[in-house]
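This briefing covers how parts of one protein chain pack together. Look over the sequence and the structure first, then read the points below.

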Amino acid sequence: MEVRLTVDELAARAGVTVRTVRFYGTKGLLPPPVLGARRVGWYGAEHLDRLGLIEELQRQGLTLAAIERYLARLPQGTTPLDLAIHRALVASWTPEAPQEAGRAEVERRAGRRLSEEQVDRLAAMGALERTADPEVFRLDPGLLPLGVRILDVPIPLETLVAARAVVVEHSRATARELQRLFRETVWKPYRESEPTPDDVQRMKALTDHIQPMVAQALVTAFQRSLREELNEGSGGAAAQEERAAPPER
């Protein structure tokens, strides 16, 4: 489903002001809109997801210059779905507290009406949870945009549940290993050097700034690995079909 938004609609969907959208545009963080009749600017899915990623990186404490460098390092051909994945993984470092919202607010953020089946799919992906009140939901602000983006992909509900379990299991294992590595090779030797309290605070601040960069490295590596697996799977399937095809007469 194509997303076509005015600047006011884009700001409302992203939860920011129109002034913020225009500011990011002047800084080159957002691509310019497509001009339509009467020079009305139209924004699409890429603008929405890029804006969400910028806001998430700002919440992580990155400056505009650092965000510009982050965006510049994104691979060529990055899709709106790729941007949504980046935002979800960056947000996972310091997840926001779940937010309760009524169905109207959920649908406003999603930019569409939601059927009960679609609500179930969003719940399976962890983007929201049902509460005792059927019209009130507990949202994960970082995951909701990604969940909405995947709604129209024809994936069975049980596959979404299983996929989420795999991602959670391996992301936790990766986080534990990275924490162990940093603790043993960086933090422990640093503490043994008897730093001053100011030195400790500077090291903690540095750690906070490193997190988004590590998240970008992880998501980029994951996307590359996933594409390689899909390409190998497609090549293998094609080779099997070719071997199974009867010889030409």
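Which elements do the buried residues of α7 pack against? In this predicted model, they pack against α6 (103-110), β4 (128-130), β5 (136-139), α8 (144-150) and α9 (157-192).

**Helix α7**
- Helix α7 covers residues 116-124, and its buried residues are Q118, V119, R121, L122 and A124.
- After α7 comes G126, which has a positive phi, near 80 degrees.

**Helices α2 and α3**
- Helix α2 (residues 18-26) packs with helix α3 (residues 45-59) at an angle of about 95 degrees, and their axes are 12 Å apart.
- Angles of 65 to 115 degrees count as roughly perpendicular, and α2 and α3 are therefore roughly perpendicular to each other.
- On the α2 side the contact is made by T20, V21 and Y24, and on the α3 side by L51, I54, E55 and Q58.
- Sorted by class, this contact between α2 and α3 has four nonpolar, two polar and one charged residues.

- Nonpolar side chains tend to be buried together in soluble globular proteins.
- The largest nonpolar core here has 24 residues, and those with the most contacts inside it are L10, V21, L51, L53, I54, I67 and L71.
- At least two residues of this core come from each of α1 (7-14), α2, α3 and α4 (64-72).
- Helix α3 supplies the largest share of this core, six residues.
- I54 is in contact with Y24, L29, L30, I67 and L71, leaving aside its neighbours within four places in sequence.
- A second, separate core has 21 residues, including A124, L128, V148 and L151.

Key:
Residues numbered from 1 in each chain as written. Predicted model: local features only at pLDDT ≥ 70, side-chain atom pairs only at ≥ 80, totals over all residues. Heavy atoms only, no water. Axes fitted to C-alpha atoms, helices over the stretch in contact; angles between N-to-C directions. Helix = DSSP H or I, 4+ residues; strand = E, 2+ residues; numbered from the N terminus. Parallel < 35°, antiparallel > 145°, perpendicular 65-115°, else oblique. Contact = heavy atoms within 4.5 Å. Nonpolar A, V, L, I, M, F, W, Y, C, P; charged D, E, K, R; others polar. Buried < 20%, exposed > 50% of the residue type's maximum accessible area, 1.4 Å probe, protein only. Core = buried A, V, L, I, M, F, W, Y, C linked by side-chain atoms within 4.5 Å.
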